[in-house]
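Which side chains hold on to one another in a folded chain, and where do they lie? The paragraphs below take the contacts in turn.

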Amino acid sequence: MERLKSGLRVVGLVAALPLAACSVDVREDANRNADVDIHTPVGNVSVQSTDVAPDTGLPVYPGATLLRDGDEPGSANVNVGAFGVGVRVSAASFESGDGESVILDFYRKAMEPYGPVMECRGEVDFRDSGPVCESRGSDREVQLVTGSKNNQRIVAIQPRGTGSKIALVHVRLRGVS
C-alpha cells in the first residue's frame, strides 16, 4: 500500500511539472488586438491578432476591407509547436462589394504560382497527392485550394449581403510526414 501511495505521489508530481513550468503572456492594444504566448515544457502556442492582413502569400482582393467579427480582429497568426512538430496558420477575413465570380477569377490567377488550383464546394482534405474535394453541391461557400499536405493555401468565398466574404488562409506544417 505504501508503495502505491509513493507511486501516486510521483505520478502527481510529474503531471504537475508542466503546469508549474508554464508561462502565459497576454498583450492587448487599444483596438482589442491581442498577442498571446503560452510556453510549456511540452510545447508552445503563439496567437497574434491584428487589424493588418497576415502574410498568406496571397494579395488582398482590390477594394476589399478587413472584416471584424464584433470585437474580434479580422486576422491572426497562430503557431503551435512541440518536439520538432508544428503548425503555423495565417488567416484573415475580408469583405467586398463584388460578386463571387470576379473574385474567384482574381484568386485563381493569384494562386497559380503555388501549383494547380482546385475549386471545391464542400470539405477539402490535403493528402500526399494534393487537395481532394468532398463535394456538397448545395454549399454556398466555394473554396479555391492549392499546395501540398504540408503547405496549403485556401481562399474561401461566400455571399455576404450584396457582396462577398473572402477568407484567406495559409497553413504550414513542419515535421509532419
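What follows goes through the aromatic rings and then the charged side chains.

The model is predicted, so local features need pLDDT of at least 70 and side-chain atom pairs count only at pLDDT 80 or more, while totals for chains, interfaces and linings use all residues. Residues are numbered from 1 along each chain as its sequence is written, and side-chain values use heavy atoms, with hydrogens and water left out.

Two aromatic pairs turn up in a search of the whole structure. Rings of Phe, Tyr and Trp (its six-membered ring) pair if their centres lie within 6.5 Å; planes under 30 degrees apart count as stacked, over 60 as edge-to-face and the rest as tilted. The pair of Tyr61 and Phe106 is edge-to-face because the planes stand at 90 degrees, with 5.2 Å between the ring centres. Tyr61 belongs to the loop between β3 (43-50) and β4 (65-66), and Phe106 to helix α2 (residues 100-111), so the contact ties together parts that are 45 residues apart in sequence. Helices (H or I, at least four residues) and strands (E, at least two) are DSSP runs, numbered from the N terminus.

Phe106 also forms an edge-to-face pair with Tyr107, at 4.9 Å centre to centre and 90 degrees between the planes. Buried means under 20% relative accessible area, exposed over 50%, and partly exposed in between (1.4 Å probe, protein chains only). Tyr61 is buried at 7%, Tyr107 is buried at 0%, and Phe106 is partly exposed at 25%.

Turning to charge, the whole structure holds four salt bridges, each a side-chain nitrogen of Lys or Arg within 4 Å of a carboxyl oxygen of Asp or Glu. In one of them, the closest N and O atoms of Glu95 and Arg160 are 3.0 Å apart. Glu95 is in strand β6 (residues 85-96) and Arg160 in strand β11 (residues 151-160), so this bridge ties together parts that are 65 residues apart in sequence.

Glu100 and Arg121 meet at 2.7 Å, N to O; Glu100 is in helix α2 and Arg121 in the loop between β7 (118-120) and β8 (122-127), 21 residues apart. Arg108 and Glu119 form a salt bridge with their closest N and O atoms 2.5 Å apart. Arg108 lies in helix α2 and Glu119 in strand β7, so parts that are 11 residues apart in sequence are tied together. Asp105, Arg108 and Glu119 are linked in a network of salt bridges.
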